[in-house]
Every structure is written in structure tokens, then in C-alpha cells.
Amino acid sequence: MTNEIRITRRELIEAGAVAPALLAASEVAAQARDAGAPTASVTLTVNGRRETRDVDTRTTLLDFLREHLGLTGSKKGCDHGQCGACTVILNGRRANACLTLAVMADGDEVTTIEGLGGDDRLHPMQEAFIKHDGFQCGYCTPGQICSAIGMLDEAKAGWPSHVTADVASRPRLDDDEIRERMSGNLCRCSCYIGILAAIRDAGGVA
Ligand code: FES
Ligand code: FES
């Protein structure tokens, strides 16, 4: 007699479905252990609405938006500042919400993808992404769009990038500049050609 373990395909799939629930339960347990963790009241204006919540001071802006406000448009990709999926517009500048603590943003203004356009009127950058096929699965898209809007403003303000040849002059927003300025936003579906075309279109780049 052997100790061989037999598992059917169905059992394997069911076990996979249970695993996230167990993980969530372990997170709850961890939170319970940390019940004595310091908390703070945080107030932000998010998409024009003033929101106040008591949060664990270690809560990131991304988790504040997703878990406390239910705004799940901003995505968690790497949670380490490496993919740009969490990009929001913070006080008019693009920012990685996973690298920003909610308490750091107390009193600030945040715009997420939910605040850019409505069902009846999309933001021009959203329209351009649709027009130029700038997404497939769409996971990176909210971050790409927020980043693109922030990037256009940075270029308009004359900020140089790593590839700007003459940092003393106003940068010309060519393809190299757009690619460099968007290099913090990764797309696993590799829609970069469509994203570039969308940004050129929405940004009025010839
Ligand atoms: S989730 Fe923030 S940069 Fe990846
Ligand atoms: S559209 Fe799928 S990750 Fe970018």
C-alpha cells in the first residue's frame, strides 16, 4: 500500500477557490492581533466629495480608496511602486497611491478614474483610449489614464524628462518623450502602441 494522494481536477479547483478565503481570514486575524495599532482620522476630498474615515495609520491611500471608500477603479498591481496600476491624481499631480499613506494625504484632493468622466460623458483621454484600442484586459487602464493626464500637464508646464535633450528649453512632446514619461505604467497586455496613439490624440500632439 502506498501513501499516494489522489486528487481530482474538481477537488483541485475547489481548493484553489478556498485559498483566497483562508488568506482573507488570516488577514483578519492579523488585524485582530494588531487591534492596538494607532489609528487616525483622515479627511480627503475624493472626486469632489469630502470623505472622513478612521484608519490604521499604516493604511495606504490605495487601500483607503479601495477598501474604505469602495472606489475599486484604482488597481493594486505590485503594491510596490513598480507598475503604476494604482496611479491617481493627487493635488493635480499623478501619484502612486500604493506608495502614499492615507495620513500623508490628509486634507488633500484626489481624483481617481471614477472622477474623470461619467456614464454620459467620458473624459477625452478615456474616449481616446477606446478609439485607439489602448486596452485589452483593462487592468492597467485606470492608472494609465490618470498617469497620461498628469503627464500631459507636466509637459505643458515645461518639466523635462530623462530623455529631454535640452533641459533649458520647453520639451517637445514626441513619441520618445511620451514613452519615457509613461514608463512607470506597465501593461501586461502590451497595448503600448494604442496607449501612445491615445495620448497623442487626447494631448493634441501632432
Ligand atoms: S500597485 Fe502601485 S505601482 Fe504597482
Ligand atoms: S490592458 Fe491588460 S494590463 Fe494593460
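On a 1 Å grid over the protein atoms alone, a cavity is a set of points where a 1.4 Å probe fits but cannot get out, and lining residues have an atom within 4 Å of a point. Grid points are joined across faces, edges and corners, and a volume is the space filled by probe spheres set on the points. The model is predicted: local features need pLDDT of at least 70, side-chain atom pairs count only at pLDDT 80 or more, and totals for chains, interfaces and linings use all residues. Residues are numbered from 1 along each chain as its sequence is written, and side-chain values use heavy atoms, with hydrogens and water left out.

One cavity of 30 Å³ or more is found in the structure. The volume of the largest cavity is about 40 Å³. Its lining is formed by Phe135, Gln136, Cys137, Gly138, Tyr139, Cys140, Thr141, Cys187, Arg188, Cys189 and Cys191. By class, seven of the lining residues are nonpolar, three polar and one charged, where Ala, Val, Leu, Ile, Met, Phe, Trp, Tyr, Cys and Pro count as nonpolar, Asp, Glu, Lys and Arg as charged, and the others, Gly among them, as polar.

Six helices and five strands make up the secondary structure of the protein; helices (H or I, at least four residues) and strands (E, at least two) are DSSP runs, numbered from the N terminus. The order of the elements from the N terminus is α-β-β-α-β-β-β-α-α-α-α. Of the 206 residues, 36% count as buried, that is, under 20% relative accessible area, with exposed meaning over 50% and partly exposed in between (1.4 Å probe, protein chains only). Among contacts (heavy atoms within 4.5 Å) between residues at least 6 apart in sequence, 52% join residues at least 24 apart.

Strands E3 (residues 87-90) and E4 (residues 93-96) pair in the antiparallel sense over four bridges; pairing requires that DSSP finds at least two bridges between two strands. The two strands form a hairpin with two residues between them, and asparagine 91 in the turn has a positive phi of about 50 degrees. Within this pair, valine 88 stands opposite alanine 95 of E4, while leucine 90 has arginine 93 as its bridge partner in E4. E3 is also joined to strand E5 (residues 109-111) by two bridges, and the two run antiparallel. In E5, leucine 90 is partnered by valine 110. In a regular strand the side chains alternate between the two faces of the sheet. In E3, Thr87 and Ile89 point one way and Val88 and Leu90 the other, and all are buried.

In helix H3 (residues 124-131), the buried residues are Met125, Gln126, Ala128 and Phe129. These lie on the same side of H3, because they cover an arc of only 160 degrees around the axis, the arc being that of the directions from the helix axis to the C-beta atoms. The buried residues of H3 pack against helix H4 (141-156) and H6. Just after H3, aspartate 133 takes a positive phi of about 55 degrees.

Isoleucine 193 is located in H6 (residues 192-202) and counts as exposed, at 74% relative accessibility. Its C-alpha atom is separated by 8.7 Å from that of histidine 132, 61 residues apart along the chain.

Threonine 57 lies in the loop between strand E2 (49-56) and helix H2 (61-68). With a relative accessible area of 23%, threonine 57 is partly exposed. Not counting residues up to four places away in sequence, threonine 57 touches Pro38, Thr39, Ala40, Leu101 and Val103. The C-alpha atoms of threonine 57 and valine 103 are 6.4 Å apart, with the two residues 46 apart in sequence.

Technical notes
Chains are lettered from A and ligands numbered from 1 in the order in which they are written. On a 1 Å grid over the protein atoms alone, a cavity is a set of points where a 1.4 Å probe fits but cannot get out, and a pocket is an open set with protein on both sides within 12 Å along at least five of seven lines; lining residues have an atom within 4 Å of a point.
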